[in-house]
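This report describes selected features of one protein model. The sequence and structure come first, and the description follows.

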Amino acid sequence: MPEQTHYEAGRPNWVTLLAPDIEAAQRFYGTIFGWDFQTMGQGAEQYVLCVKQGHAVAGIVPRPDDPDAPIAWQTLLSTDNLDATVQAAQKAGARVVAEPMEIPERGRLAVVVDPTGAAIGFWQAAGYAGAELMHEPGAMTWNELRTPDPETSDAFYRKLFPYEFDQVGDGTTVDYAVFKLGENQVGGRMRSPGESAYWLPYFSVDEVDKAATRVAERNGKIINEPEDSPYGRMAACEDPWGARFSIVTLPES
């Protein structure tokens with residue numbers, strides 16, 4: 001079981017769903033991923049931990065009462081110095097939407113919108129590194145930035161962390177690059193013309209086809225039907241409120 005206790009700076013380490021209906025979101029995702037839930041706080045301050053096999057793997061919060069706030073899964077990147085990362089992001093053209101804040105006994109959090117329009121969070125651990133489980137059914141396994149302007153986004157994220165980008169498409173018909181920290185692949189970036197920029201989380205499941213059927217049966221949407229790839233069998237989905245995520249059955253190692 002790949003339990004996680006540390007994330008290097010620049011690696012995605014958590015995802016949070018901004019949900020218009022927290023109780024309904026728990027029913028939907030609990031069925032898809034077999035999650036249990038732990039609720040902390042109340043009202044606008046409510047935070048729900050999504051738990052798999054006793055390990056926290058994601059979070060759900062009420063969508064802010066703001067017409068511009070998305071209904072979306074929000075990816076966080078680990079940082080060793082939150083203030084410096086936010087300052088670098090602002091200098092590189094980001095807009096801060098959540099100033100650095102303290103989460104007692106856990107860490108510090110901030111959220112910005114990058115120059116191409118994708119919201120991205122940063123997390124500086126102080127007792128809580130992030131997702132406690134990765135690459136297991138019901139846990140996050142990959143994060144991908146989808147943007148209509150990869151040249152701008154690549155330049156932006158390079159100013160925050162020492163990323164290298166390896167092109168795995170042809171750069172024209174398919175422009176897909178892998179974020180790397182040293183030799184470690186930590187995320188992806190895909191040119192996605194004609195849509196707003198956003199970060200897309202991938203969750204591992206035992207059987208993609210069965211999980212996709214459950215999504216559709218519970219009023220979710222299948223954006224791309226299950227298909228095989230060199231990285232496993234996967235499908236792109238949307239929950240009943242419009243938040244996008246992908247599911248994948250990882251190839252056996």
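Leaving aside neighbours within four places in sequence, Ile71 is in contact with Leu18, Pro20, Arg63, Trp241, Gly242 and Ala243, contact meaning heavy atoms within 4.5 Å. The model is a predicted one, in which local features need pLDDT of at least 70 and side-chain atom pairs count only at pLDDT 80 or more, while totals for chains, interfaces and linings use all residues. Residues are numbered from 1 along each chain as its sequence is written, and side-chain values use heavy atoms, with hydrogens and water left out.

Ile71 sits in the loop between strand 4 (55-62) and strand 5. With a relative accessible area of 27%, Ile71 is partly exposed; buried means under 20%, exposed over 50%, and partly exposed in between (1.4 Å probe, protein chains only). Between Ile71 and Val15 there are 56 residues in sequence and 13 Å in space, C-alpha to C-alpha.

Strand 5 (residues 72-78) pairs with strand 1 (residues 12-19) in the antiparallel sense over six bridges. Two strands pair if DSSP finds at least two bridges between them. Across this pairing, Leu18 stands opposite Ala72 in strand 5.

An open sheet of mixed pairing is formed by eight strands in the order 2-3-4-1-5-8-7-6. Strand 2 (36-40) and strand 6 (95-103) stand at the edges with a single partner strand each, so one side of each is left without a neighbour in the sheet. On average, neighbouring strands of this sheet are turned by 25 degrees against each other, direction ignored.

The helices and strands are DSSP runs, numbered from the N terminus: helices are H or I with at least four residues, strands E with at least two.

| Helix | Residues | Buried residues |
|---|---|---|
| Helix 1 | 22-33 | Ile22, Ala24, Ala25, Gln26, Phe28, Tyr29, Gly30, Ile32, Phe33 |
| Helix 3 | 150-158 | Pro150, Ser153, Asp154, Phe156, Tyr157 |

Helix 1 is mostly covered, with nine of its 12 residues buried. At its start, a side-chain oxygen of Asp21 reaches to within 3.3 Å of the backbone nitrogen of Glu23. Helix 1 is followed by Gly34, whose phi is positive, near 70 degrees.

Definitions and conventions. Axes are lines fitted to C-alpha atoms, for helices over the stretch in contact, and angles run from 0 to 180 degrees between N-to-C directions. The expected span of a helix is 1.5 Å times one less than its number of residues. A polar contact is a pair of N or O atoms within 3.5 Å; within protein, one must be able to donate a hydrogen and the other to accept it, and residues adjacent in sequence count only if both atoms are side-chain atoms.
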